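Please work through the exercises below with the sequence and the 3D structure at hand, and try each task before reading its solution.

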Amino acid sequence: MSLLSRFLSGDRLALARMITYIEDRAPGYHEALARIFAHRRGAYRVGVTGPPGAGKSSLVNRLALKLANEGHQVGVVAVDPSSPFTGGALLGDRVRMQSLYGLPGVFVRSMATRGSPGGLAAATRDVCVAFEGFGFDLILVETVGVGQVELDVASVCDTVIVVFVPESGDAIQAMKSGLMEIADVFCINKADRPGAERVKAELESILEVKQEIRRSAAKSTASTPHWNPPVLTTVAVDDEGTDGLWEATQSHRRFHDAADPNGVVRRRARADLTLSLAELARLRMEDQILVAAEFEQAVEQIATAQADPYTLARRLFDAWCRSRE
């Protein structure tokens, strides 16, 4: 039986090997992803990002335990910095996820960034597709510690939780043009430390100003439903506040399901197709391919479940190559 057949039959060892196959970009991985894509079952992806030391791993650990206990099948992608010596993942934070290993409803995969910018590894999105094809209904993606420009998680996940700590007050102003813009839910972790309420108040003040600007702009333009990110506090190591954090995440999910379902689907389809093309064509060719009318047609086909992004990316890439001969 082939690796793909064993993967599709629910063999967890085959899942681990398939992820390695995808991460290594082994020959034929693109075709395998195209076949796996057809077996996806609508998993929901939640990204957890924030500065180093914010307690992201502890939060992911708590959330995964909670969801597994509720009967969910949970895939965890934990992205780590690359070792300067081996190129593999530095697994320092994985000690905080030891309680997840061996649970039947949870599968944890650590990945090295391998020099990829953006807070994620280049294969993170594809590993999420593998999880979806395997049957996981919830996927948690933890980024490396990020700053202003490391924001890829927003294009991979449906809901993004941005985690700060009480000591983040000065950093908030510096990061508001980056992390502040991608957050669907804010979390002040380690809230038993001094300053948590101050940081929460600062965040809520910034968000209130943004909402006021938005309300003023809406007076002269067509109004559309808008999500206002809540700010919550947690102490992940003591499992305090994580129930509320997950409920806020589910509120965001319900908002998009009710207010803008087509927008969410098309945003994901556009991101999948764009990143898959970039893998094949590299950044220099993107400027020429992404403006073609055929690209917009492909986005529509994926968004309406008529095709997968892997097959269409190769088709667009091949057409672009022929046009240059």
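**Exercise 1.** Is Glu167 buried, partly exposed or exposed? Then find the partner of its salt bridge and say where the two residues lie.

Solution. This is a predicted model, and in it Glu167 has a relative accessible area of 47%. Buried means under 20% and exposed over 50%, so Glu167 counts as partly exposed. The side chain of Glu167 meets that of Arg193 in a salt bridge, at 3.2 Å from N to O. Glu167 belongs to the loop between β5 and α7, while Arg193 belongs to the loop between β6 and α9, so the pair ties together parts that are 26 residues apart in sequence. Arg193, with a relative accessible area of 37%, is partly exposed.

**Exercise 2.** Which parts of the chain does the salt bridge between Glu23 and Arg109 tie together?

Solution. The side chains of Glu23 and Arg109 meet with an N to O distance of 3.4 Å. Glu23 lies in helix α2 and Arg109 in strand β3, so the bridge joins parts that are 86 residues apart in sequence. Glu23 counts as buried at 11% relative accessibility, and Arg109 does so at 15%.

Key. Residues are numbered from 1 along each chain as its sequence is written. This is a predicted model: local features need pLDDT of at least 70, side-chain atom pairs count only at pLDDT 80 or more; totals for chains, interfaces and linings use all residues. Side-chain values use heavy atoms; hydrogens and water are left out. A salt bridge is a side-chain nitrogen of Lys or Arg within 4 Å of a carboxyl oxygen of Asp or Glu. Helices (H or I, at least four residues) and strands (E, at least two) are DSSP runs, numbered from the N terminus. Buried means under 20% relative accessible area, exposed over 50%, partly exposed in between (1.4 Å probe, protein chains only).
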